[in-house]
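Please read it alongside the model shown here.

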Amino acid sequence: MKTLAKYALLITTVAGLASCSKDSEPVANNMTLHFDNTFKNTTIILGDANATTATTNTSAKGQIHHFSELKYVISNIRLIKADGSEFPYNINDLDKGATVINQAKPQTLDYILSNIPVGEYKQLKFGLGVKPELNLLDQVRFPKFYAEAGANDTKMHWEWGTGFRFTKLEGFYENDNKTLSIHTGSTVQGTADDPASYVPGVNAYRDITLTLPSLAAVGKNAPIITINADFDKLLSGKTNTITIGAGNATPSAHTAAQMVIYVDNLGGNGSSDISGIFSISKVTN
């Protein structure tokens, strides 16, 4: 009887340990998207017209330029598992699934995705900007993102209240430091100050697809995906080679058609280019 009792105790103990081990396995964990904004391989340092430390770049057309402000909106994030299944991350909630990347604020360069299901992920998709059905300045529905995008030092609202700016680049170009100002975002057409007449104009939202160089394994560890945004491609892109000037670098002067040449470089044209300025530098598990 004592022997049977010992075996019973041993079985119970082993079962208990197995149960504890199973319970300790996570079902979800965080994933961090780290954004590194660069000119080619050099991380960008912002600066005013006369800054000696600002990172300068020379375009394919030979124009020297640097930035004093660099911001863009990321939303509609989807993670693709190794088996091809897709995990959408709060894609219809800007408060929980969208952010403003701001080069002047290092804390915004790491966007933490919470409660990602355990598994291996091979691909990342996200939107540069806000998809049309959510691109309204809705302070009631999305108060957190509305405030983040509209803060005095961010100003990612279009002044006329039709939606969000998707990218905002300020800076200087050529040796005499002429003002560079490139803002992108979807437009509307209609009668000024008559919202009832507005209809969609240019759609500046772009869907980005990036394949990871190695699988991001969510489990006991929380992986970090480093995303390179190479702003050398702003002027020297896969789709367009741009010369700044003739009104195409000032938001009050450039047309929607002129804006689109920047949009297609930044976010791709949706067909031959679905990554734009973005690529994955590394995956840290």
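A salt bridge is counted when a side-chain nitrogen of Lys or Arg lies within 4 Å of a carboxyl oxygen of Asp or Glu. The model is predicted, so local features need pLDDT of at least 70 and side-chain atom pairs count only at pLDDT 80 or more, while totals for chains, interfaces and linings use all residues. Residues are numbered from 1 along each chain as its sequence is written, and side-chain values use heavy atoms, with hydrogens and water left out.

**Salt bridges**

The whole structure holds ten salt bridges. Three of them are listed here.

| Pair | N to O distance |
|---|---|
| K168 and E69 | 2.7 Å |
| D153 and K105 | 3.1 Å |
| K131 and E133 | 3.9 Å |

Burial is judged by relative accessible area: under 20% is buried, over 50% is exposed, and values in between are partly exposed (1.4 Å probe, protein chains only). In the K131 and E133 pair, K131 is buried because its relative accessibility is 10%, whereas E133 is exposed at 52%. Salt bridges with shared partners also join E69, K71 and K168 into one network.

Helices (H or I, at least four residues) and strands (E, at least two) are DSSP runs, numbered from the N terminus. The salt bridge between K168 and E69 links distant parts of the chain, with K168 in strand β9 (residues 167-173) and E69 in strand β4, 99 residues apart. K168 counts as buried at 7% relative accessibility, and E69 counts as buried at 17%.

For the salt bridge between D153 and K105, D153 sits in the loop between α3 (143-150) and β9 and K105 in the loop between β6 (99-102) and β7 (110-117), so the pair ties together parts 48 residues apart in sequence. D153 is partly exposed at 40%, and K105 is partly exposed at 28%.

**Nonpolar cores**

A nonpolar core is a set of buried Ala, Val, Leu, Ile, Met, Phe, Trp, Tyr and Cys residues joined through side-chain atoms within 4.5 Å. The largest has 45 residues, of which M31, F67, Y72, I77, I227, F231 and F278 touch the most other members. Strand β4 supplies the largest share of this core, six residues. Another core, of 16 residues, lies apart from it and includes L94, V130, F164 and F166.

**S75**

S75 lies in strand β4 (residues 64-81) and is buried, at 3% relative accessibility. Contact means heavy atoms within 4.5 Å. Leaving aside neighbours within four places in sequence, S75 is in contact with L94, G97, A98, F126, G127, G129, V130 and Y205.
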